[in-house]
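I wrote down each item as I came to it.

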Protein chains: 2
Amino acid sequence: MTATATREATVFVPGHITGFFSAHHTDDPTTTGSRGAGLTITTGVELHVRRGPTVTPEIKLNGKSISIEAVDNVIDILEIGDINVTAQTALPLGAGFGVSGAMTLGVAFGSNAVAAETNTRAESALITAAHCAEVRAGTGLGDVVAQARGGFPIRVEPGAPHVGQLDGITATPRVEYCSFGAVSTESVLNANTDVLTTAGEQALKTLQATPTATQFMTLAYQFGVETGLLTSEVQEVIADVHTTGGTAAMAMLGNTVFALGDDLSAAGYDPVVCQIHNGGVTIQQQGSNRVGDQCNPQTIEHSS
Amino acid sequence: MTATATREATVFVPGHITGFFSAHHTDDPTTTGSRGAGLTITTGVELHVRRGPTVTPEIKLNGKSISIEAVDNVIDILEIGDINVTAQTALPLGAGFGVSGAMTLGVAFGSNAVAAETNTRAESALITAAHCAEVRAGTGLGDVVAQARGGFPIRVEPGAPHVGQLDGITATPRVEYCSFGAVSTESVLNANTDVLTTAGEQALKTLQATPTATQFMTLAYQFGVETGLLTSEVQEVIADVHTTGGTAAMAMLGNTVFALGDDLSAAGYDPVVCQIHNGGVTIQQQGSNRVGDQCNPQTIEHSS
């Protein structure tokens, strides 16, 4: 990178919906995290990251300047310095889709992509920094590691890469959701955490014995009921979905209801429709590195 | 699954090119594997897997019946029983692209997707089975775990999931390759394995300090030179690429040369062009589970 050049990168981070979880706090953010399971979805956050002497340091989300504590933390941990981030998402904020985790992970990967080569880090270091940044901010325990992995992640052991342990369900169902916005964190703080931990750990054990999409939905639904976390809007939708023979559950934690296949639309709702996201955080464009030609496997020839 | 139904699934597994490696053998296939680094590519193997009482048990690759020891092993380990697999690939066999690893991993994931729900396994169990199947067959040490992960994988610690440890380079360069077919395994057996281990471990250490695409290519090139594994065809192409200021290296182990960006085409070759594959093995279709609608993030509405 020359002194005057502006380097740019575009990063995509999938949204993440947690179906059930148990929280695990330690004195060390790398070993702090959550067990549980959820789905990463093709609806996510796209970040355009720029760095250079003429770039204004600013973080924007959907056109507005925004301050996110976890993003500030990751800029601090990775010593990123001045950076310009323009992010776009169709996901509602605070509604259980891991937008703050996506912003944090996206800033970590994006800033790495525009760094001078000698400052480049491997993926595990970036994920660890983003995970610790979210844990310190108190805004997430398991979103970052799930969003870095992608797919249909099971959080088997809590914590950062090489500390925690991830697995996955192989299914790739269509996903539907309806969101009514943010959920009051008060309701969670008032929830009995012993009940939450017991319910989350029991659900994980059951899912590991039969790791299927159907089992996941049943367990996510039961977790919402057992922990008393369901909002009235979510309860109403779940009841309608049950009437038509489907299963729906609440995104933990947001005033959002989700289902697989067409379980929400079959019950008369008009949900957002997306898919399980194959793979995790991705750098889509980086400097002039990407030529963009498509793979052409027909021409296995040597013409020297 | 009813007794008469045929269940079907389509699975994609990316190809994997190893740039450098060191081999690590133990008495246990889960702890046996390789350290090193490579790239997973968008050219891969697509498997169509069918199961049911009227299905003929057969494994076909590019229209021909084929017997692959690692595939037989994974069918045995996972107690898959009768299965019909029709696989297609544009990758040459035995040429350093991990086709046998792809077939093995694809059969593990595909057979799981068509299994009765009570026999479903989580991803780590399937990857472990495929890894052990390849190790037992002696046809691969690190392809399966790399192909399950996708991206630009660094194999930090050898072995199956939750035993070995993976990391990644964040770059997403365009990849070019020219293949001259299979390499004689004799040349590898005749190579000094101490030299190979020393070269591979030193390369890994250097890459971890500066995990960039450019560094990877330099190390992969040096590994080929230091271990004496380069074939005469590969040597010739590498020399041409150096003349035009590029870097190329040999796929370990195949008579194949690869480069990033346009380094092969700039030297006058007509390579196959592909990209780093985002994400690893993927189930593309499974029974009637996939509705196929695209995500429509504009319609965040609730119309009950």
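The entries below go from domains to sheets, then to a helix and to single residues.

**Entry 1: ground rules.** I noted that this is a predicted model, in which local features need pLDDT of at least 70 and side-chain atom pairs count only at pLDDT 80 or more, while totals for chains, interfaces and linings use all residues. Residues are numbered from 1 along each chain as its sequence is written, and chains are lettered from A and ligands numbered from 1 in the order in which they are written.

**Entry 2: the domains of chain A.** I looked up the domain assignment, whose bounds come from an automatic or database source, and found domain 1 (7–169 + 277–286) and domain 2 (174–273) in chain A. The C-alpha centres of domain 1 of chain A and domain 2 of chain A are 24 Å apart. Where they touch, 19 residues come from domain 1 of chain A and 27 residues from domain 2 of chain A, two residues being in contact if their C-beta atoms, placed from the backbone, lie within 7 Å. On the domain 1 side of chain A, strand E1 (7–24) and strand E2 (33–51) each supply at least two residues; strands (E, at least two residues) and helices (H or I, at least four) are DSSP runs numbered from the N terminus. I sorted the residues of that side into 11 nonpolar, 7 polar and 1 charged, where Ala, Val, Leu, Ile, Met, Phe, Trp, Tyr, Cys and Pro count as nonpolar, Asp, Glu, Lys and Arg as charged, and the others, Gly among them, as polar.

**Entry 3: a sheet in chain A.** I traced an open sheet of 4 strands in chain A, in the order E9-E10-E8-E11 with antiparallel pairing, where two strands pair if DSSP finds at least two bridges between them. Strand E9 (248–250) and strand E11 (272–275) of chain A are the edge strands, each pairing on one side only. Neighbouring strands of this sheet are turned by 30° against each other on average, direction ignored. Strand E8 (residues 174–179) and strand E10 (residues 256–260) of chain A are joined by 5 bridges, and I found Val175(A) partnered with Leu260(A) in E10(A). Helix H7 (residues 213–227) of chain A lies across E9 and E10 of chain A, at about 50° to E9(A); axes are lines fitted to C-alpha atoms, for helices over the stretch in contact, and angles run from 0 to 180 degrees between N-to-C directions.

**Entry 4: strand E11 of chain B.** I asked which residues of E11(B) point one way and which the other. The antiparallel partner here is strand E8 (residues 174–179) of chain B, joined to E11(B) by 4 bridges, with Tyr177(B) opposite Val272(B).

**Entry 5: helix H3 of chain B.** Because 13 of the 15 residues are buried, H3(B) is largely enclosed by the rest of the structure. Gly138(B), which follows H3(B), has a positive phi near 75°.

**Entry 6: Gly142(A).** I placed Gly142(A) in the loop between helix H3 (123–137) and helix H4 (143–149) of chain A. Gly142(A) is buried because 31 other C-beta atoms lie within 10 Å. Not counting residues up to four places away in sequence, its contacts include Thr18(A), Phe21(A) and Arg155(A).

**Entry 7: backbone angles.** The peptide bond from Met252(A) to Leu253(A) is cis, with omega near 5°, and Leu253(A) sits in the loop between E9 and E10 of chain A. His162(A) has a positive phi of about 70° although it is not a glycine, and with 15 C-beta neighbours inside 10 Å it is partly exposed. Glu79(B), also not a glycine, has a positive phi near 50°, and I counted 9 other C-beta atoms within 10 Å, so Glu79(B) is exposed.

Definitions and conventions. Buried ≥ 20, exposed ≤ 12 C-beta atoms within 10 Å, placed from the backbone.
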